[in-house]
Amino acid sequence: MTDQSLAMLLVLATTLFAVGLFGVLVRRGVLLQLIALEVLLAGPALAFIAAGARRGDAQGQAMFVILLVFAAAEVAIGLALYLRLRRCADVSDSDSVSQLRS
Amino acid sequence: MSSNFWLLLVPVPTLAAFMTLAFGPFWLGPSQVRAVALAGAWLTAALMLAASGVCASGTCHLLAPVFTVKVGTASVALALILDPLATVVGTTVAIVGGFVISYSLGYMARARLADLRRFFAYMNLFLGAMLTMVMAGDSINFFLGWEMMGLCSFFLIGYNMSLPRAFAAGRKAFVITRFGDVLLLAGLLLLFYEAGGVRIDALVNAALVMPPGRRSVVAVLLLGGALAKSAQLPFHTWLPVAMAGPTPVSALLHSATMVAAGAFLLARFAPLFAATPEVLAAVAMVGAFSSCFGALVAVFQTDVKRMLAYSSISQIGFMIISIGVGAPQVAIAHFVIHAIFKSLLFLSAGDMAYAAGGRTDIAALAGSSTRRPIAYFSFAAGAASLAGLPLITAGWWSKEAILASAVSAGPLGEILWSLALIAVALTATYATRAVLVGAGPSTLLARPPAVPPAGIATNAPLVLLAAASLAGGLLVGPIVRFLGAAEPDTPAFSAIVGAAAVLLGVSAAFALRRHPHLASRIARARKVRQGFRIDAVYQQRFVRPFRHLAYWLNGVRRGGRSSGIVDPLGAVPVLGIVWLVRRMIHWAAVDRVDRVWMRLAGMVPELSSFSRRSQTGRVRDYALSLIFGIAALLLLALKSPRLPWH
């Protein structure tokens with residue numbers, strides 16, 4: 001892999017991260033924010049794999065596996081919260097859940 | 001420690017008795033109080049007798065230094081001395097004091113325990129102060145003893161605290177003698193300034209080389225102190241009212257201590273006065289007028305204690321005359337004789353008045369010869385000595401010596417001599433009158449309450465003093481010689497005229513007894529009896545204006561009138577201090593550092609309400625700040641040189 005393809009891949013990873021972040025920040029629906037978060041996580045994961053391939057090192061792929069575990073855990077917690085919100089308060093708007101504010 | 005250290009111990013027993021009685025933190029029974037008082041007085045008398053024995057055996061210029069302080073060029077050397085003057089006066093004081101305190105044991109028997117303790121404490125302090133003054137070798141000890149006596153006389157005259165009259169009398173004595181004390185202090189300080197030391201011999205020597213004008217000023221100041229203490233003419237008003245104290249107090253105050261202190265002061269500084277003839281002449285004239293005045297007023301008294309008080313003024317006047325004509329030795333001889341017979345007169349009069357139910361007017365003495373024979377006959381002996389019956393009484397010898405020294409003192413001396421003769425005749429009159437009244441039958445309407453017979457503690461001093469006041473004439477010549485002067489040779493005509501004056505006075509008293517209308521005229525002469533109302537004039541001229549001034553300055557509203565100002569003199573410093581407080585203390589009270597901290601603390605609510613706004617509760621906002629935080633951390637990591645990828 002050349003430096004140029006690595007740069008292209010990093011740009012792609014950054015774009016994925018930026019798109020995901022944009023989604024998290026802009027969307028108010030909890031479910032869509034969780035999906036955007038998955039997209040956001042894909043960016044760093046791609047960057048790890050690209051960097052690992054560039055250096056010929058397996059650690060990049062190991063980091064990807066760890067990221068997958070993180071993402072799974074995060075989605076599990078997020079979906080659980082989403083379900084609780086739907087059942088208890090019947091809301092899907094994350095902005096309306098601001099009762100923790102002082 | 002010098003070999004004369006024992007000299008310092010002489011006044012110690014009386015002072016120790018005072019300390020024990022006044023400050024001892026333990027309970028003492030009546031007999032213990034009496035024992036302490038008696039031991040204090042008589043131990044001192046024994047020491048003083050031992051000292052006089054040493055003095056009589058030859059070496060009579062002992063000096064026991066207390067301590068010496070050098071201040072710049074001045075040397076403050078405190079010391080007690082024992083010279084012939086101190087020996088004679090000190091011995092008299094100690095023995096008479098011992099007698100008076102012994103007598104008080106019986107006289108004060110019915111006093112409450114606390115009063116008894118107070119009384120004996122002050123009596124001992126009084127005695128100790130007089131001895132300290134007599135033996136003082138420096139002006140500081142002298143002045144301390146002098147002042148202490150004034151204080152004690154205040155306490156003792158005002159002993160009967162439930163009696164406003166007694167308290168006022170004590171205050172009067174204190175204020176008037178204090179007036180003299182100020183003069184004395186000024187004189188002593190001027191001398192100190194001149195001499196650069198406090199030893200009395202150094203002061204006298206310095207005074208002798210002073211310019212005459214300043215020497216006269218010092219002499220006049222010392223004279224003022226002596227006159228106030230001795231109750232001489234311009235300052236005599238405190239003595240008659242001082243009768244409010246108990247009789248033993250009067251006996252001590254009039255005979256050996258207090259009033260004699262003025263004469264002693266003049267005798268102590270006699271060389272200084274000898275160098276100022278004009279002041280000396282004034283001294284003699286004051287003495288002559290005081291002796292005439294005192295004797296004249298005493299004739300008109302109806303109260304025996306007041307009579308004896310005016311008699312003291314008169315007798316001290318005799319001493320002052322003799323000092324004024326340059327014979328202080330004769331004055332001291334008269335002081336000794338006077339101390340004996342005057343204490344005797346007071347003590348015996350006190351006993352007779354006690355037997356007459358506590359009445360002290362002369363009429364109440366009638367019948368005393370049967371009620372209290374010992375007291376009456378010793379009173380008669382004392383009165384004979386006071387009158388100066390020729391040859392057989394001590395008073396005659398000392399009085400003759402004074403008359404002789406006056407008549408041989410130039411042209412002024414003859415005026416003094418004739419004035420003194422008048423006083424002698426009047427003295428004989430009033431002394432005899434009291435004795436004659438006592439011999440008569442009792443005139444008391446109600447029988448006085450039965451009183452216990454006088455004990456040995458009362459009678460022994462009376463008998464011994466009576467014997468001394470008759471036989472003491474033998475002492476006059478030796479005392480004068482001991483003090484270092486030639487005995488004045490009495491001119492025959494002076495002795496004869498003196499004896500004639502005494503006999504004339506005695507016969508005048510008999511005439512008064514024979515012709516009651518004369519006596520009743522005397523009893524009506526209230527103006528003379530009240531001492532020509534000099535006291536009232538002082539009250540009007542000095543005391544009341546002063547009191548008004550004091551009230552005015554204090555802004556006290558009296559009788560609806562107010563000065564409108566509240567203490568202008570006293571208020572100025574207070575206002576100044578208040579102003580200073582406002583200017584300085586208040587300025588300093590503002591804590592700038594504290595103010596900064598307080599402002600910081602005041603900012604906390606604003607800051608917290610500002611920072612609270614960031615807490616929106618919205619997930620998206622938190623996500624945004626999270627991203628910014630991570631970005632910032634990443635940027636930091638890129639810049640940081642110590643991380644491994646660099």
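This is a predicted model: local features need pLDDT of at least 70, side-chain atom pairs count only at pLDDT 80 or more; totals for chains, interfaces and linings use all residues.

Start by selecting H17 (residues 373–387) and H19 (residues 410–439), both in chain B; helices here are DSSP runs of H or I, at least four residues, numbered from the N terminus. They pack at an angle of about 165° with axes 8 Å apart, the axes being lines fitted to C-alpha atoms over the stretch in contact, with angles from 0 to 180 degrees between N-to-C directions. H17(B) and H19(B) are therefore roughly antiparallel (over 145 degrees).

Now show side chains. B:Tyr376 and B:Phe379 are among the H17(B) residues that meet H19(B), whose side includes B:Tyr430 and B:Val435 (contact means heavy atoms within 4.5 Å).

Residues count from 1 along each chain as written, chains are lettered from A and ligands numbered from 1 in the order written, and side-chain values use heavy atoms, without hydrogens and water.

Next, pick B:Ser104, in helix H3 (residues 84–107) of chain B. Is B:Ser104 buried or exposed? Buried, at 1% relative accessible area (the cut-off is under 20%, with a 1.4 Å probe and protein chains only). Beyond its neighbours within four places in sequence, B:Ser104 contacts B:Ala109, B:Phe119, B:Phe120, B:Met123 and B:Pro248.

Last stop: B:Leu191. Not counting residues up to four places away in sequence, B:Leu191 touches residues including B:Leu203, B:Met210 and B:Phe269.

Technical notes: Helices (H or I, at least four residues) and strands (E, at least two) are DSSP runs, numbered from the N terminus. Buried means under 20% relative accessible area, exposed over 50%, partly exposed in between (1.4 Å probe, protein chains only). Angles under 35 degrees count as roughly parallel, over 145 as roughly antiparallel, 65 to 115 as roughly perpendicular and the rest as oblique.
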